[in-house]
Every structure is written in C-alpha cells, then in structure tokens.
Number of protein chains: 2
Amino acid sequence: VTRGSGALVLQKQGSFFVGGELVFSDGLLGVPIPGWTLPPTGNIMVNQMYVQYQIPTGSDQHVPVVMVHGGTLTGKSFEETPDGRMGWYEYFARQHRAVYVVDLVSRGRSGFDPTIINNVARGILPTTTLPTFLRLSPEFSWTAWRYGPSVGTPYADSKFPLEAIDEISKQAVPDLNAATAFNPGPDPSVSNLVRLVRKLGSAILMGHSQTAFFPERAALLESAGIRGIISLEVICSMSLTAEQVTSLAKIPILVVFGDHIAESSVWKPAFEQCGQFVNQLNRAGGDAKMLHLPDAGQFGNSHLFMMDKNNLEVADLILEWIDDHVER
Amino acid sequence: VTRGSGALVLQKQGSFFVGGELVFSDGLLGVPIPGWTLPPTGNIMVNQMYVQYQIPTGSDQHVPVVMVHGGTLTGKSFEETPDGRMGWYEYFARQHRAVYVVDLVSRGRSGFDPTIINNVARGILPTTTLPTFLRLSPEFSWTAWRYGPSVGTPYADSKFPLEAIDEISKQAVPDLNAATAFNPGPDPSVSNLVRLVRKLGSAILMGHSQTAFFPERAALLESAGIRGIISLEVICSMSLTAEQVTSLAKIPILVVFGDHIAESSVWKPAFEQCGQFVNQLNRAGGDAKMLHLPDAGQFGNSHLFMMDKNNLEVADLILEWIDDHVER
C-alpha cells in the first residue's frame, strides 16, 4: 500500500452545498453596528450542508466514500491529523477513491441561523429560546474519547497523538446538534446525505460518533445508491421496526469500535448494543460486521481513530472490508 | 496558461491551525441536554485560525500565497465557484503556487467561544452581553456586491454567476467580526496571519473586503517574510503614521477594484481613498499599484471577482503582478 510518499494526482477537486432553503429572517443582526446601515430583516439560506471533495485519477472503478465527522468537530477531522500526519481524506484518495467530506448543518462552513440569538439580543425573544452550543473540554474528552483511564494518564498502548492534544482542542467548534443528534426524527444533515447520494449516483456513507448512525438513517429515508455503510463508534440505541431491519439488511454495514471499550461507561453499553444490532441485521439476511479493532490486531485506539497514530492501518482494514463486501 | 484541464499534481495537502489559547469557560453548554452528563465548565481553545493548504509540484520557485475571505463568508469563497467552475485555490495551485486558505477566527472551521451565549441562556449574564452575528441577505448583496443597479436587475455586462445566486447565499455564515473588523486595534486573525507567515518563512498575503486591509495590518505588526500584499476591494480608511507608511512602502502592494464602482455609494469613496493610499505609499518610495479591472480590459466584475465568470482572467492579472513586482 502506498502510504503517501510521492505525488497525489487529482482528476478534480472542489466544494459545493447540498440542501438549503431560503427563509425570511427578522434577526439578521443583533445590536446595530455603528457606521453601517445594515438591514435587520431579509432572506437567508438555512439547512445547507458544505461538501468538499477530491477525485483522484483511477477512481472510476471504485464507489465514492462520504465521510461525516462527530460531535463538536467539523470535516477537518478527516484532514491532516493533529500531529501533522496524513488524514483519511487524503489517504482514501491515494487509494483511488473519490472522497467527499461534509460539515454538518449548523456548524463549520455550513453556517447556522443566528436569528434567535440576534432577536434575544434585541429584546424581542426571551432567553429561554436560546439554543445550546456545546463545547467539550480536553479534560472531559480524555476519558470520554479514551486517551487514558483518568485525566493526564494515557493508556500504556494509547495510539492517540497526545503530544498534540492542544491541536485536537483547536478543531472544536460550538455544536448545535448535541441536543437532537440522537433523536431518530428528521434532521437536515440526514436529508442532505440523501441529496448527496442522489447527486453522486452511488456512495459509501461513513459516520462517526454523533453521526455514526446518520448513514443508516439516510438509508431508511432513501436507500437507493447507498452501496455500503460504515458506522464508527456508534450508539445503536434507535429501535427499529421489522421493516426497517429488512431494509437495512440489504446494505453491507461495517461497525467499528476501538480499544479499551470495556473500561468505558459510555462505550461499553454502546458496543454491546451495536453487537445486537449487527446480529439483528444478519438474522434478517444482512451483511453486517462488527470490527473490534483489537480483534484485528490494532491496539490502543481512542475514539478518534482517524487521528490515531495507526490511522492508516485502521483505514486499510476499512478499505479491505469495502473490497470484500461492497465492491467485489 | 493551463486553464485546468488535466490532472492536478500535488506534492502535499492538508490543514492545521495557527494561534489559539486554552481558556477556562464556565459556559460549555446552555440548558442541560437530557440523558447526557456534560460538564458546564472546563478549558476550551479560543482564537485559533484554521488553514487549509495545497502544495503543487514545481512550486519551490514561487512564493506561497495566503488567501483571506471577506465578511459573512469563509475560505470556501476561494474554492469551486457558486456555478461549479474552478476557484482560485485550485487555479493558483495549477500555476505552481503553494496556496493557503484560512477561515477567520470565530467562524467556519475556526469555531468561536459560545460561553456568553450559553451563560445568557443559563440566566447568568444579561442579554446586553450577547455578540452580534451578522448575516446578509441576497437582496442586500445585490447592490452592495454590485451584481446590478437594483435588486433583480443585473448590469448588462455583469460577470457574476447570477444563475447560481442561491449557491452564494449558501456560503454565508454568521459573522462575529462585523462590529470590529474595520477597527485598527488588535485582532486575533491579524496576529494569526503573522504566525502563519512565520511558519511559512515567506508569503504573499491576500485579503478581501472585510479583511482586505488585514495583510497591511499584519505587516505593521511584523513585516518579516511578507513578500507582497494583495488587497481586493478594500476600505482604506485606516489613518497611518509616517512611520507606518515607510514600513508599508517596503512591501509591493496591489489594490484591486472591479467594475461599476462609480455607481456604488459604498465602493466609490473606498476606491478614491485607496487611490490616495497607493499614492501615499509611492511618494514614500513604495511599489503600490491600483488595478482597476476595467482599465485592464476586464468589465462587469462584481465585488466577488474570485467567483465572477472571468475569475481566472482576473487571477492572471494578479499572477502577472506577482511575477513583475514580487518574484522578478
């Protein structure tokens, strides 16, 4: 496998948006800005989703891969790692895959609707209408994202680039989805994934953590074109009808969990629940697989294995699954 | 000139952050999220600036170019145009330049500090402390960004891709800088541009609109390594000391304005003021140039000439200036 020395040869690169609706806003700004005459009302676009992509030469034989980041993060997660190594956005392209990386609706380059905040500032709306912007501290992430057993102490075999822990903190942006992402209801990012697959014709959808079940939810809205699903450390808590199970069983699904799961109060029950999800699909004739990284010889992986020191080895396991279950 | 058919061959690509400070926040979330135990306090990173880059093969002979977007926009401005043509991020790379595109501190992938908003939501701070998030409507932009003389009517020679006007609306994100960007005081994005130049060794800095004078302000903080400055439709209202003029006169500076300036109440005075700025630098022995696009045979350009239909022709004029004034 070419690990990334040598030139990266692209057929095409760029970015675009999927989805988006023009809505009237009566809160385009809060307090007036001295010296500027800016209208407080007008139309703005909301619910659009930013998509960056690169299409390497030689990718015509492969199914495009769509990567969706997790909570408090953006598409940056899949670019260069915190300690300056190659990320999956580039690595998958070097393995001849067209790659699409998104920023979820309401953060990063997708933007959000500030109307409520501006109207609270203007005294028009009560403070109880303000949305919650979640950010996480590195102290919280240390154990929740499994760098180690307690803050400041890494696991002996930790693969997370802890020398660059400040750089992962820099990736964090305020997260407007935290309160709703795990609800099974309509979500503009999920609908936009459906739009993206329609545009591409076919795709493999990959989600991580907060969005790890978004590919399944997109497939339950419209499965056409979704050739494979990769759920990275997902919370499989959505209860599915028999019809939904039958529908998902038609798509190859890979669920991936890292190391030190048994020691985590968050990830241990998620792992067990996802094992049941995988069994449920396979009993319905599906092709679902649980990839527990230590069972495949990859040890010490944190929750963020696209950034871990063995991120390319983990990518190789995923690419192998794509070869065997989606493209063969 | 290769307009972009054929492969794009990259030596390296990626993204990183410059700047950033870890600060204690007592408002990591607003109202609690049911089902989750999330700490409301902890450290978060603020003031970091996201930088994406690509380094083509054959770029060693050229000075890297840093592109900074304008108000209510992100680095997306320099990627694929609203109507799906090649943007400057790719085009400059195809002309063998290493290119760095940023998201300003407090928007896009750089994120922002939500502490005040969350603490207003929690009732700890008064609503008067809320920041202003500016968004602009397409109705406002139509004349302010010179698509045409009045909303719905384009200039006969307009080069803005008006058939894709919804796509430019999708690029908009809430702008926390609108109230301060034109103040000459300290700005974390300006300091971060200095850090970026230090990291690169040398660079040409390009700013647009809200940030068009950021390259000059960065140079006034630390000019070492700033080999050239490109200010796209800038408001040259900052009053400079004789010492500051002497300092800026040591750097080649290109100021660019599009078409239909005389018809714009915003851009006509800016154009005149910038003409005086250019003269002031040249009287001090500088190498400053005003490039008024119609004088160079490019007509109908809006405020967003990196997206206009003749965006690559405008880029060629800028590249020619780099050849003649920076690299010769």
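The following legends describe close-up views of a predicted model.

**Figure 1. The disulfide of Cys236(A) and Cys274(A) in chain A.**
A disulfide is a covalent bond between the sulfur atoms of two cysteines. The link of Cys236(A) and Cys274(A) is right-handed, with 100° about the S-S bond. Cys236(A) belongs to the loop between strand E8 (226-232) and helix H7 (242-248) of chain A, whereas Cys274(A) belongs to helix H8 (residues 267-283) of chain A, so the bond ties together parts that are 38 residues apart in sequence. Both Cys236(A) and Cys274(A) are buried.

**Figure 2. The disulfide of Cys236(B) and Cys274(B) in chain B.**
The sulfur atoms of Cys236(B) and Cys274(B) are separated by 2.2 Å. About the S-S bond the angle is 100°, and the link of Cys236(B) and Cys274(B) is right-handed. The pair joins the loop between strand E8 (226-232) and helix H7 (242-248) of chain B, where Cys236(B) lies, to helix H8 (residues 267-283) of chain B, where Cys274(B) lies; it therefore ties together parts that are 38 residues apart in sequence. Cys236(B) and Cys274(B) are both buried. Over all chains, the count comes to 2 disulfides.

**Figure 3. The crossing of helices H5(A) and H6(A) in chain A.**
Two packed helices are described by the angle between their axes and the distance between the axes. For helix H5 (residues 188-200) and helix H6 (residues 214-221) of chain A, the axes come within 9 Å and cross at roughly 65°. Because of this angle, H5(A) is roughly perpendicular to H6(A). H5(A) passes H6(A) in a right-handed crossing. On the side of H5(A), the contact is made by Ser189(A), Val190(A), Ser191(A), Leu193(A) and Val194(A). On the side of H6(A), the contact is made by Phe214(A), Arg217(A), Ala218(A) and Leu221(A). Sorted by class, the contact of H5(A) with H6(A) has 6 nonpolar, 2 polar and 1 charged residues.

**Figure 4. The crossing of helices H5(B) and H6(B) in chain B.**
Helix H5 (residues 188-200) of chain B and helix H6 (residues 214-221) of chain B have axes that come within 9 Å and cross at roughly 65°. H5(B) and H6(B) are therefore roughly perpendicular to each other. Their crossing is right-handed. H5(B) makes the contact through Ser189(B), Val190(B), Ser191(B), Leu193(B) and Val194(B), and H6(B) through Phe214(B), Arg217(B), Ala218(B) and Leu221(B). The residues of the contact of H5(B) with H6(B) divide into 6 nonpolar, 2 polar and 1 charged.

The relative accessible area of Val68(A) is 1%, and because buried means under 20%, Val68(A) counts as buried. Leaving aside neighbours within four places in sequence, Val68(A) is in contact with Phe78(A), Val102(A), Leu104(A), Leu193(A), Met206(A), Gly207(A), His208(A) and Thr211(A). One of these contacts, Leu193(A), also takes part in the contact of H5(A) with H6(A). Val68(A) and Pro215(A) are 147 residues apart in sequence, and their C-alpha atoms are 9.0 Å apart in space.

**Figure 5. Thr143(A) in helix H3 of chain A.**
Helix H3 (residues 138-144) of chain A contains Thr143(A). Thr143(A) has a relative accessibility of 34% and counts as partly exposed. Apart from neighbours within four places in sequence, Thr143(A) is in contact with Gly148(A), Pro149(A), Ser150(A) and Val151(A). The C-alpha atoms of Thr143(A) and Pro154(A) are separated by 9.2 Å, and these residues are 11 residues apart along the chain.

**Figure 6. Positive phi values at Asn47(A) and Thr72(B).**
Asn47(A) is a residue other than glycine, and its phi is positive, near 70°. Asn47(A) is found in the loop between strand E3 (42-46) and strand E4 (49-56) of chain A. With 27% relative accessibility, Asn47(A) counts as partly exposed. Thr72(B) is not a glycine either, and has a positive phi of about 65°. The loop between strand E5 (65-68) and helix H1 (88-94) of chain B holds Thr72(B). At 2% relative accessibility, Thr72(B) counts as buried.

How values were computed. Residues are numbered from 1 along each chain as its sequence is written. Chains are lettered from A and ligands numbered from 1 in the order in which they are written. This is a predicted model: local features need pLDDT of at least 70, side-chain atom pairs count only at pLDDT 80 or more; totals for chains, interfaces and linings use all residues. Side-chain values use heavy atoms; hydrogens and water are left out. Buried means under 20% relative accessible area, exposed over 50%, partly exposed in between (1.4 Å probe, protein chains only). Contact means heavy atoms within 4.5 Å. Axes are lines fitted to C-alpha atoms, for helices over the stretch in contact, and angles run from 0 to 180 degrees between N-to-C directions. Helices (H or I, at least four residues) and strands (E, at least two) are DSSP runs, numbered from the N terminus. Angles under 35 degrees count as roughly parallel, over 145 as roughly antiparallel, 65 to 115 as roughly perpendicular and the rest as oblique. A crossing is left-handed if the near helix is turned anticlockwise from the far one by less than a right angle, and right-handed if clockwise. Ala, Val, Leu, Ile, Met, Phe, Trp, Tyr, Cys and Pro count as nonpolar, Asp, Glu, Lys and Arg as charged, and the others, Gly among them, as polar. A disulfide is a pair of cysteine sulfur atoms within 2.5 Å.
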